[in-house]
Amino acid sequence: MKEVERVLRVDHAGEYGAINIYTAQLLIARLFYKDIAAKLEEMLAHEKVHFRTFNNLLISRSIRSCYAIYFWAVGGFTLGLFTALIGRNAIWVCTNSIESTVLHHLEWQLGFLQEHDSEAHAAVLSIKGDEKSHQEFGQNNGKNSFAYKPIFYVVRLATEFAIWLSTKL
Ligand SMILES: [Fe+2]
Ligand SMILES: [Fe+2]
């Protein structure tokens, strides 16, 4: 089914983007904020498992990956780099912004897949707990004060745009 393929493709590309965000942030954190490096490593490890989950599904179903996957990679790395250079608070505001947007989409996907594809539904459900824990950690550790509001909304818009674009490509 075309719509199921689209969902799997977007999630696959999104997890690739997430890996790149955390990789860039970890690079900077290892230099300047060593205290949060372990947490970022843990999140990065989750995203690698998520990516593998969708990558395996794409392979087993012979679904091509998203044409925008390198846009996700470069965009994710750039976003991770910039937020990390602003500071550790920006890292967590960014995490909260992305994951809350992602969770919103996962909810929609789960509702749709429940009716149409139990294997894909199980895959999306398997990542939801991790994304929720990332979102909560970001929310609790990133003060979304006045100065950080623009970061929150810009990252949200960028995430929405990337998701929208990837459903087209
Ligand atoms: Fe993920
Ligand atoms: Fe995540």
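Is Thr-101 buried or exposed? Thr-101 counts as buried, because its relative accessibility is 3%; buried means under 20% relative accessible area, exposed means over 50%, and partly exposed is in between, with a 1.4 Å probe and protein chains only. I will come back to that residue after the overall picture.

First, the ground rules. This is a predicted model, in which local features need pLDDT of at least 70 and side-chain atom pairs count only at pLDDT 80 or more, while totals for chains, interfaces and linings use all residues. Residues are numbered from 1 along each chain as its sequence is written, chains are lettered from A and ligands numbered from 1 in the order in which they are written, and side-chain values use heavy atoms, with hydrogens and water left out.

Now the fold. The protein chain has 6 helices and 0 strands, so the order from the N terminus is α-α-α-α-α-α, where helices (H or I, at least four residues) and strands (E, at least two) are DSSP runs numbered from the N terminus. Along the principal axes, the C-alpha atoms fill a box of roughly 45 × 25 × 25 Å. The radius of gyration of the protein chain is 15 Å, which agrees with the value near 15 Å for a compact globule of 169 residues. That radius is taken over C-alpha atoms, and the globule rule is 2.2 Å times the number of residues to the power 0.38.

Of the 169 residues, 49% count as buried. Among contacts with a separation of 6 or more, 84% are between residues 24 or more positions apart; contact means heavy atoms within 4.5 Å. The accessible surface is about 8600 Å², and 62% of that surface belongs to carbon and sulfur atoms. These areas come from the Shrake-Rupley method with a 1.4 Å probe, and for residues only the protein chains shown count as cover.

On charge, there are 17 positive and 17 negative side chains, and the centres of the two sets lie 6 Å apart. Lys and Arg count as positive and Asp and Glu as negative, with His and the chain ends not counted. The place of a charge is NZ of Lys, CZ of Arg, CG of Asp or CD of Glu.

Then the interior. In soluble globular proteins, nonpolar side chains tend to be buried together. A nonpolar core here is a set of buried Ala, Val, Leu, Ile, Met, Phe, Trp, Tyr and Cys residues joined through side-chain atoms within 4.5 Å. The largest nonpolar core has 25 residues, and those with the most contacts inside it are Val-4, Leu-8, Phe-54, Ile-98, Leu-106, Leu-113 and Val-124. At least two residues of this core come from each of helix H1 (2-32), helix H2 (37-60), helix H4 (88-116), helix H5 (118-141) and helix H6 (149-168). H4 gives the most, with 10 residues. A second, separate core has 15 residues, including Ile-19, Ile-28, Met-43 and Phe-51.

What does Val-124 touch, not counting residues up to four places away in sequence? The partners are Asp-11, Phe-54, Leu-106, Gln-109, Leu-110 and Leu-113.

Back to Thr-101, which is found in helix H4. With neighbours within four places in sequence left aside, Thr-101 is in contact with Arg-156, Thr-159 and Glu-160.

Lys-128 is found in helix H5 and counts as partly exposed, at 25% relative accessibility. Lys-128 and His-50 are 78 residues apart along the chain, with their C-alpha atoms separated by 9.7 Å.

Two residues of H3 remain. Phe-71 lies in helix H3 (residues 69-86) and counts as partly exposed, at 40% relative accessibility. Not counting residues up to four places away, Phe-71 touches Gly-76, Phe-161, Ala-162 and Leu-165. Val-74 is also placed in helix H3, and is exposed, with a relative accessible area of 55%. Val-74 and Gly-17 are 57 residues apart in sequence and 7.9 Å apart in space, C-alpha to C-alpha.

Last, a loop residue. Ser-62 is found in the loop between H2 and H3 and counts as exposed, at 70% relative accessibility. Its phi is near 50°, a positive value in a residue other than glycine.
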